[in-house]
Amino acid sequence: QEPLVVSGGGLAQPGGSLRLSCRASGFAFSEYVMSWARQAPDKELEWVSGIYGDGQGAYYADSVKGRFIISRDNTNNILYLQMNSLKPEDTAVYYCARGNIAGIDPYDYVGQGTQVTVAS
């Protein structure tokens, strides 16, 4: 069974919003830093945001700061990424991952991805 299952991707217009969800299973979710990463066509995997296990602190890439919000529900083992004011350059496959709070450390595990396309 896949430990990290993502949902919520799709097509959005510039300036619009989407919310991604990542349902975790098979491990003690609340004990882990969780993060989001993305990969645009012909580009490397880019760290987007990370959040501590207790939810009391998060970090964002400069490219999404002020527009994206990461959060988590430790009761139901779900990680979220609220994406607002979307731009065409946000188009990418978005991945849910374990570890890497600030984009410096290696990921412990990278789950499945979901396509996000921002276009008019």
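Reader: Which residue in β3 stands opposite V6?

Author: V6 faces C22 in β3. The model is predicted: local features need pLDDT of at least 70, side-chain atom pairs count only at pLDDT 80 or more, and totals for chains, interfaces and linings use all residues. Residues are numbered from 1 along each chain as its sequence is written, and side-chain values use heavy atoms, with hydrogens and water left out.

Reader: What makes β1 and β3 a pair?

Author: Two strands (DSSP runs of E, at least two residues, numbered from the N terminus) pair if DSSP finds at least two bridges between them. β1 and β3 share four bridges in the antiparallel sense, and therefore meet that criterion.

Reader: How do you know that β2 and β10 pair, and in which sense do they run?

Author: Three bridges join β2 (residues 10–12) to β10 (residues 109–118), where at least two are required. The two strands run parallel, and L11 has T117 as its bridge partner in β10. By contrast, β9 (residues 92–98) runs antiparallel to β10, with six bridges; Y95 stands opposite G113 there.

Reader: Why are β1 and β7 called edge strands?

Author: The open, antiparallel sheet has four strands in the order β1-β3-β8-β7. β1 (4–7) and β7 (68–73) each have a single partner strand, so one side of each lacks a neighbour in the sheet. Within this sheet, β3 (residues 18–24) and β8 (residues 78–83) pair over six bridges, with R23 opposite I78.

Reader: What makes β3 mostly covered?

Author: Buried means under 20% relative accessible area, exposed over 50%, and partly exposed in between (1.4 Å probe, protein chains only). Five of the seven residues of β3 are buried.
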